[in-house]
Structure formats: structure tokens, C-alpha cells
Amino acid sequence: MKTIKALAVSTTATLALALGGCATTGNIPSASAPITQSEAQMGAEAHPQLLQEFGGAMTGAQAQYVEQVGKNIAVQSGLGNARDSFTISMLNSPVNNAFAIPGGYVYTTRQLVALMDNEAELAAVLGHEVGHVAARHSQRRQANAQRNSILGVLGAVVGSVVGGGIGQQLGQVAMQGSQLLTLKFSRSQETEADRLGIRYLQGAGYDPNAMSTVLASLAAQNSLDAQLQGRGDARLPEWASTHPDPASRVREAASLTQGMTGVTNTDTFLTRIDGLLYGDDPAQGVIEGRQFIHPELRLSFTAPQGFYMINGTSAVSIQGQGGQAQLSLAQYGGNLDSYVRNVFAKLGGNQQRLAPQAIQRTTINGIPAAYGTARVNSGNGQVDVAVFAYEFAPDRAYHFQAIAPAGRMGTFTPMFNSMRRVTASEAANVVPRRLEVVTVRSGDTVQSLSRRMAYTNGQEARFRVLNSLDSNAQLRAGQKVKLVVRGS
């Protein structure tokens, strides 16, 4: 996906209908039953939309390798014709995530694959998701999912803010349609999927301890992300994962595999993922510190001090203690005033008429712009909602949607005023990051290799988490490690 697009309610509604048909528990097959025709059909209908929502499916040798490992582990589930029934996709997403939907559709992001240390960990993650499919966990949670309103646009979030608690909703601004569709599993379902995944690992000859080690790596990455983003906790944001905090499951998974052994295929895995795209794909825009730059859309802006950004395939979210915002686009007919009013109307949803008090016209760094605000009563007091739109072409506009406590929308004023066009030369200088697998030489240290990481901050911490190296770990000559470097 090469543009930031606005998610239409109709898209998420289609996704909800695609999976909502299996909400009744009476017709759910047993865990040993082959994937049914109706399950396969539901998955097939949702699959293309999920791919679009999460940046599309990766292709090439690396994606084929992930698919091969996934199909091999799916066979261990005992589901009839599992190798042909399962569809394994590696997604072009910079978020650490993996999930599955009915019909045997299993997904892992390239970012999560990059975090893994060996093939056994890849098999563990995919096996966990196969376990969700085999146990029909998606079907069993659908009744609850429907009660939670499967809508992915910010309008659904703000619409609920109008009549509900702002504290609860602010943390959900960045949710996307398909990520809401893949809502959290219960703790018991997670435990069952971990147990099934461990059983599949054993059956395939892998080291079952990989389940606990990959969960530990994910927990460490969550903690590092929180530190780098200035968040006060290490919990994985709701938008980023369908699963509860992995830190709570590491010890339990480790206790299940004590004394077990098996292959890890570490060298094979590292060789196969060498060169994998890491972090943001420039085609979807890139976050560099507080700056977001999109070389193809030719736009850039800077987040407020103390805020951090999340780059999704449908929107860029900006989050902090003083409020939440999103950058996205909507259909544009050439009139900025109408554009702003239409965005407000969608934010209000069907339950609340939401309109700006007035619309102001201005110019931001040579770009025609319009903005408006509205004050809304919520369960915990008043909040301000703002829409700030920019005309980049006669048929193309982008806008920020922002929520802040009443009277504090000024927090976002520097960001609103920072929107600018990107020059061709500036766009050409945006180079993606990639994994580079290197062999440790005599004299190499954690510190010396960390300096090769393509970041201006947290180089050693990033290197240690990427390679599962604790503070006391030492490198040995001949060992393979992962670096993140610049490379086209």
C-alpha cells in the first residue's frame, strides 16, 4: 500500500460480517476436525482486506521460507489436509504481531520475524497461531467481538467518546479496522494455544523451549519500545497485538518445556532472513524521531515534544499524555470547508451530531489549509476535538484528527503548523533499514557492533534486544548476530 488511506466503515463492516457468521457456538467444529468449507470461505473473504490493512503480503524467498515453516508446523495440528488448507503470510508491517483467522489463515509481520533468533522460534509463533485456528478460538470470541463494535475508523472511537469515558478511549485512537477485528483472545485461550504450539514443536522435532524464548524476546522489545517512546509502562499497545502481554506467559511456557530438547536451525534461519526489510517501509512513510516523512506522498510533519508516533498502513497516530491525534485522508472534492465538516460528521457517527464551532482558513508552509474544533461532553469531563485539513492537490487532501482535554488543543498547534511538502531530493534520501547478519570476529564486542546500528539513539539496547543478549552476555568469534543497517 503506497498511500495513507481512510478506512471506510463499509470495509470493516464487511470484515465483521465475514467472521461474524461463526459467532454462534453451537456449530463450532471440534479441535480435531478439518477446516470446514464455511470456515474456508469466511477466511477467504476476509484475507484480501487483512492483507491490505497490514501493508500487503511479502513475496520472494524470505516469504516462501516463512510459508514453508508454517505449513510444516500446521501438519502437526492433525487437521485433515492441513498443508493445503493453511495459508501462511508474512506481512509488510513494522509492528511486532502475529494472528490468525478462521479458515486456516495465519499471519506474522516481518518485524516479528526479524526479532526471532532461530527457526524454532518462527515455528513456535506460527504454531501458536495454528493452535488458535485448530481450537476455533476466533469463532468462540465472536459474540463478544460483536458487542465491542467492530469499527476501525477514528470516528467510531470519537463517537464513543461523545457518550463515554475519555480516559478509556484515548488509548484506542490508533486502532485500525482489521486489528479490532482480531480482538484479544482470553487468557485461557492464549494458554491453550501456547500448549498446542509446544506440542506441535515437539512433533516437528523443534526445541519446545523456543516458545518461551520468543515470548521473552517480545517482552524485552515491548519494554525497550516503551523506554524509547517515553511511555511509562512496557505494555504492548492494544492496537499492536491481539495477544496479552507476553511477559506474563514466558514463565508458564518455560515450565511446560523443562528438560525438553530439539533442533533450532539457527544458522539456516539467520541466513534466510538476511536482508529483510526492518522498521518502516518508505512506501508507507518513515518515522525518524519526532519527524514523519512520506517520500512518495511528499509530505512531512513533526510530532509535539513528548509524544510518540505509530505508523500504520491506514494512518499515522500521535500519542502522548496531552492527547491523541491521527493523520489520514478522506475523499476530497476540492472544497476544504466541506472536507472538514464531513470528517467531523464521520467522527460523530450515527449516534451524535458533531460539527465544528467554525471553520478557519489559513496557509501552512504554502499549503492551503482549513481547521475547526468542537467541544464535547464526555463521561469524565469536556474534551476538544479538532480537524486540521491540508489541500495537497485539487483532488487530494490530508487531515489531522485530534482529541485533547478541553482548552488544551494548543498542544498540537506546532504539529499542525509543521506540515510541509517534501522535495524530490529529500524524498530520494529516505533509505530503508534492513537486517544484516554478520559473523562475529575476534575483537568484536557488543559495544563495537552496536555502533553499526542505523540509529542515533539506543544503539546498544537495540542490538542486545534484537539478538537476545542480556547485560552480561559476551560475544564469541564465529557467532552470527543481526544488525540493522541502511540499505536500498
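Student: Which residue in E13 is the bridge partner of Ala 370?

Tutor: Happy to start there, with a word on the source: this is a predicted model, in which local features need pLDDT of at least 70 and side-chain atom pairs count only at pLDDT 80 or more, while totals for chains, interfaces and linings use all residues. Residues are numbered from 1 along each chain as its sequence is written, and side-chain values use heavy atoms, with hydrogens and water left out. Strand E12 (residues 367-378) and strand E13 (residues 381-393) pair in the antiparallel sense over 10 bridges; strands are DSSP runs of E with at least two residues, helices are runs of H or I with at least four, both numbered from the N terminus, and two strands pair if DSSP finds at least two bridges between them. The partner of Ala 370 in E13 is Ala 389.

Student: Which residue in E9 stands opposite Tyr 308?

Tutor: Tyr 308 belongs to strand E8 (residues 308-311), where Tyr 308 and Ile 310 on one side and Met 309 and Asn 311 on the other are all buried, meaning under 20% relative accessible area, with exposed being over 50% and partly exposed in between (1.4 Å probe, protein chains only). A hairpin joins E8 to E9 through 4 residues. E8 and strand E9 (residues 316-320) run antiparallel, joined by 4 bridges. Opposite Tyr 308 stands Gln 319.

Student: Is H6 parallel, antiparallel, perpendicular or oblique to H11?

Tutor: The axes of helix H6 (residues 119-134) and helix H11 (residues 187-204) come within 7 Å and cross at roughly 125 degrees. Angles under 35 degrees count as roughly parallel, over 145 as roughly antiparallel, 65 to 115 as roughly perpendicular and the rest as oblique. So H6 is, relative to H11, oblique.

Student: How many residues of the contact of H6 with H11 are nonpolar, polar and charged?

Tutor: Among the H6 residues in this contact are Ala 120, Gly 127 and His 128, and H11 contributes residues including Glu 190, Asp 194 and Tyr 200. Ala, Val, Leu, Ile, Met, Phe, Trp, Tyr, Cys and Pro count as nonpolar, Asp, Glu, Lys and Arg as charged, and the others, Gly among them, as polar. The division is 9 nonpolar, 6 polar and 2 charged.

Student: Is Asn 365 buried or exposed?

Tutor: Asn 365 lies in the loop between E11 and E12. Its phi is positive, about 50 degrees, although Asn 365 is not a glycine. With a relative accessibility of 51%, Asn 365 counts as exposed.

How values were computed:
Axes fitted to C-alpha atoms, helices over the stretch in contact; angles between N-to-C directions. Contact = heavy atoms within 4.5 Å.
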